[in-house]
Amino acid sequence: MVLEKLTAGWETNTVSDLKDLLEEARIAKFDFVAIPLVHPRFERDNVGVSEARHGTLTRSDMEVDSRTWTTCIVGKVSEWLDPGNPDVDVRLAAETALKQELAWASHLAVPAVLMPMPRPNCANYARLINQAVSQPTVLQLWVRIPLVRCKAEDDVDDDKEEQQQQQQQQHHRQQECNHRVSNEGDQLGSTVTPTATNGSNTAAAAGANQTSSIKQKQQQPISSLSSSYLMNMVPSAKEDPWETWNRLRTLCEFNASLGVALEVTEDLPPRQTLQRWRGEPVKAIIFPTSIFLTNKKGFPVLSKPHQYFVLEMYVLKIQIILNGRARHAGGYEIYLQYLEHLRLKLFPVPEQDRFESPYYDYLQAPLQPLMDNLESQTYETFEKDPVKYARYEDAVAAALSSTPSSITSVVMVVGAGRGPLVRASLAAAARAEREVRVYAVEKNPNAVVTLRNMVRCEEWSNVTVVATDMRVWAAPEKADILVSELLGSFGDNELSPECLDKAQAFLKEGGISIPCEYTSYLAPISSSKLWNEVHSYKDVKHMETAYVVKLHNFCQLSEAQPCFTFSHPNGAEKIDNTRYACLRFPATTAATIHGFAGYFNARLYDNIFISIVPQTFSTGMFSWFPLYFPLRTPAYAPEGVQVEVHIWRNVNSRKVWYEWALTGPVVTPIHNPNGRSYWIGL
């Protein structure tokens, strides 16, 4: 579903009067503001000095009413916090302050809290966040993550040139030892002396020096940090921000209360890297006003690559946040007008998207076609497909055209439902100028009522309705053409092989089955949303069940590969519908695998196909959504490795079920052994 309304926020650190700020934001057409929970300069320590200050920690919660806090304000945690700092005092001060601010945010019941960008070494930061989201609270945390890690954002890359110089100094230390020691000694003396002379014997002065020391340690350049810290951090200083985010959310057990506030940068990573964010819980996109260009008319615009990325993210119903000063005439409103203009490029919404949007990322239990009877509403939904029945009509017409015009062909529609395939077969006969005799076989007694009414109302004199299960029907004659639509999202997952293997008993030698062949396909996907939806049930059963779902908030990590193939009629002497496949997918970029998407491609007759495989998709067809096979635990795949998955189709006298497992780059348990959680009944 495309974004129905552009929801925009204004991020600012300057809040002299909250009510005035909210009014200013309303006039500028903003829906909410993102403001600091505590004054940005109110740094705190771990030795009690900040607690002894006069004045309050922050503004009163009574400045605005509770409804305003819960609908119009996103809280910002102080950006000076550094829970990953190796200095104990700095770390403990950050921990205390972070807990304090999150507690205040929870008290205010703000809808979300904007968290500072984590450094690559984010274990302690993750621990504090995990403690917060593990509490019985509805607090949503949006972690600020830039698309590209800029120099100013690198936790340990304060001065790249200085690092290079330091490495050169170490490399040539032996040759320049005496000269460098002399210079460094002078510098050390000039640095240390002021610190020593500013000492004080009073406790308050000592505390003040402690607070100042903490601030200095937070701001000190990389060259003054310990060598062990430098060795640990420098290799990851240029780490892909997604890697940092992935480490953080993994440490927090993929908690659903954790989201991303994705900050757009002037430079963009490769398109494949951008696509990866489609599978992440991106709640908002932050636009610094500095990234906007100016067109010939003086209005702010984004570069073409930025536009493409924003349009792709808009469809995920994300919110936008503007920060920085207004750099164009017209104030902030002119930026919002431009971003709304971009959004309108998504309209008009295609009819297929309009139909499918209620099902985006909505998990549905697969049909049990032999155990349950479909409802009228389900039939009606399938019958609206503008492509499927046209392709079936083409296939039947082509098959009939291959028969002599002098004979009356017998067409058996097995699993006739409410009659769309019967109607398509009659239309095909008229196109091919052939006489046909049609049998409509249907086990659902309710659908049979509809079929018999259609025969009477539409005067189908050449159609016979048979109210029975195709697997046990004793046909009065054999068919020239056998037509069925028993395919599931994974091709065979609604027992098409088992049904058609029985039904082929009343197909003439050399008779035609439509479809004649179908192949299932599998692809690894990243979808934090889908995985959390399944994980919310908190049991193994749901994590070992395949779901029909219209994939939306996801990223397919590799092209789908063929899995199982079935052909009809099946001429095997002993029919065996069990299958096994081992598939290997290249990881072209680092990603988290949350499961696999299942698709199918079916050849109806000759060169007439229907497909939901992305690379061969039948445009406009919506009768089938993909099948989602979740992993009990998401798996990290580094760039360049092979993702190896094993999948089995098992059959016994009572049921059919799938088992699946990952063996590369990590090994997972085999999911759904013996069909303990998910199966299709025969």
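Two strands pair if DSSP finds at least two bridges between them, and strands (E, at least two residues) and helices (H or I, at least four) are DSSP runs numbered from the N terminus. This is a predicted model, where local features need pLDDT of at least 70, side-chain atom pairs count only at pLDDT 80 or more, and totals for chains, interfaces and linings use all residues. Residues are numbered from 1 along each chain as its sequence is written, and side-chain values use heavy atoms, leaving out hydrogens and water.

Let's start with the sheet. It is open and antiparallel, with four strands in the order S20-S24-S25-S26. Its edges are S20 and strand S26 (680-681), each pairing on one side only. Eight bridges join S20 to strand S24 (residues 642-651) in the antiparallel sense, and Phe585 has Val643 in S24 as its bridge partner.

Now to the pockets. A pocket is an open set of points on a 1 Å grid over the protein atoms alone, where a 1.4 Å probe fits, with protein on both sides within 12 Å along at least five of seven lines; lining residues have an atom within 4 Å of a point. Volume is the space filled by probe spheres set on the points, which are joined across faces, edges and corners.

| Pocket | Volume |
|---|---|
| Largest pocket | about 1,200 Å³ |
| Second largest pocket | about 950 Å³ |

Of the 45 residues lining the largest pocket, Leu367, Leu374, Thr378, Phe382 and Glu494 are the closest to its centre. Helix H14 (376-383) and helix H15 (388-401) each supply at least two lining residues, and H14 gives the largest share, six.

The second largest pocket has 39 lining residues, with Arg278, Lys550, Leu551, His552 and Phe554 nearest its centre. Strand S20 (579-586) is one of the elements that each supply at least two residues of this lining.
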